[in-house]
Amino acid sequence: MTTASAQRAITNADGSQVQLFGEAVVVREALQQSDGKRLPQLRFEGDYLYAWPKEERVYSHLPVILTRDHDRFSADALDYDHSKQVLKLS
């Protein structure tokens with residue numbers, strides 16, 4: 001399950017794209033996979049986040065904080081694509 005919150009948000013008609021402005025937070029809850037592996041919770045925070053919930057993608061060209069269980073990363077930009085298992089922080 002993925003949740004999002006912000007001071008303001010803009011979405012397209014079907015909710016497949018969401019732009020979050022001001023204290024934006026996107027949280028993907030931890031998952032237990034069928035093979036027994038656990039995917040940790042991911043929490044993205046920043047002043048701006050662009051999310052594609054169905055595709056499990058999050059992007060920002062502004063500073064962000066990523067929290068993965070007990071690990072915390074900060075970056076000037078973020079591009080996360082869960083389906084490709086790729087996280088780019090710069």
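## Starting with Asp81

Asp81 is buried, with a relative accessible area of 11%. Here, "buried" means under 20% relative accessible area, "exposed" means over 50%, and "partly exposed" is anything in between, using a 1.4 Å probe and protein chains only. Before going further, a heads-up: this is a predicted model, where local features need pLDDT of at least 70, side-chain atom pairs count only at pLDDT 80 or more, and totals for chains, interfaces and linings use all residues. Residues are numbered from 1 along each chain as its sequence is written, and side-chain values use heavy atoms, with hydrogens and water left out.

So what does Asp81 meet in a salt bridge? Its partner is Arg57, at 4.0 Å from N to O. (A salt bridge is a side-chain nitrogen of Lys or Arg within 4 Å of a carboxyl oxygen of Asp or Glu.) Arg57 lies in strand 7 and Asp81 in strand 10 (residues 78-81), so the pair ties together parts that are 24 residues apart in sequence. Strands are DSSP runs of E, at least two residues, numbered from the N terminus. With 23% relative accessibility, Arg57 is partly exposed.

Side chains of opposite charge can pair when their charged atoms come close. By the rule above, the count comes to six salt bridges. One of them joins Arg43 and Glu45, at 3.2 Å from N to O. Both ends are partly exposed: Arg43 has 31% relative accessibility, and Glu45 has 22%.

Another salt bridge runs between Asp71 and Arg68, with the closest N and O atoms 4.0 Å apart. Asp71 is partly exposed at 38%, and Arg68 is partly exposed at 38% too.

## Getting to know Arg68

You'll find Arg68 in strand 8 (residues 64-68). If you skip its neighbours within four places in sequence, Arg68 is in contact (heavy atoms within 4.5 Å) with Pro40, Gln41 and Leu42. Arg68 and Ala30 are 38 residues apart in sequence, while their C-alpha atoms are 9.5 Å apart in space.

## Two pockets

Arg68 also turns up in the lining of the largest pocket, along with residues including Arg28, Pro40, Leu42, Tyr80 and His82. To find a pocket, a 1 Å grid is laid over the protein atoms alone; a pocket is an open set of points where a 1.4 Å probe fits, with protein on both sides within 12 Å along at least five of seven lines, and lining residues have an atom within 4 Å of a point. The elements giving two or more residues to this lining are strand 8 and strand 11 (86-89). About 230 Å³ of space lies in the largest pocket, where volume is the space filled by probe spheres set on the points, and points are joined across faces, edges and corners. Its lining has seven nonpolar, two polar and two charged residues. Ala, Val, Leu, Ile, Met, Phe, Trp, Tyr, Cys and Pro count as nonpolar, Asp, Glu, Lys and Arg as charged, and the others, Gly among them, as polar.

The second largest pocket holds about 160 Å³ of space. Of the 15 residues lining this second pocket, the closest to its centre are Thr2, Val26, Pro53, Arg57 and Val58. At least two lining residues each come from strand 1 (2-5), strand 3 (18-28), strand 6 (42-52) and strand 7 (57-60). By class, the lining of the second largest pocket splits into nine nonpolar, three polar and three charged residues.

## Rings that pair up

How many aromatic pairs does a search of the whole structure find? The search turns up three. Rings of Phe, Tyr and Trp (its six-membered ring) pair if their centres lie within 6.5 Å; planes under 30 degrees apart are stacked, over 60 edge-to-face, and the rest tilted. Phe44 and Tyr80 make a tilted pair, 5.3 Å centre to centre with 45° between the planes. This pair links distant parts of the chain, with Phe44 in strand 6 and Tyr80 in strand 10, 36 residues apart. Phe44 and Tyr80 are both buried.

Tyr50 and Trp52 go for a stacked pair instead, 4.4 Å centre to centre with 10° between the planes. Tyr50 and Trp52 are buried as well.

Most residues other than glycine have a negative phi. Glu23, in strand 3, has a positive phi near 50°, and is exposed at 58% relative accessibility. Glu56 sits in the loop between strand 6 and strand 7 with a positive phi of about 55°, and is partly exposed at 28%.

Definitions and conventions. Helices (H or I, at least four residues) and strands (E, at least two) are DSSP runs, numbered from the N terminus.
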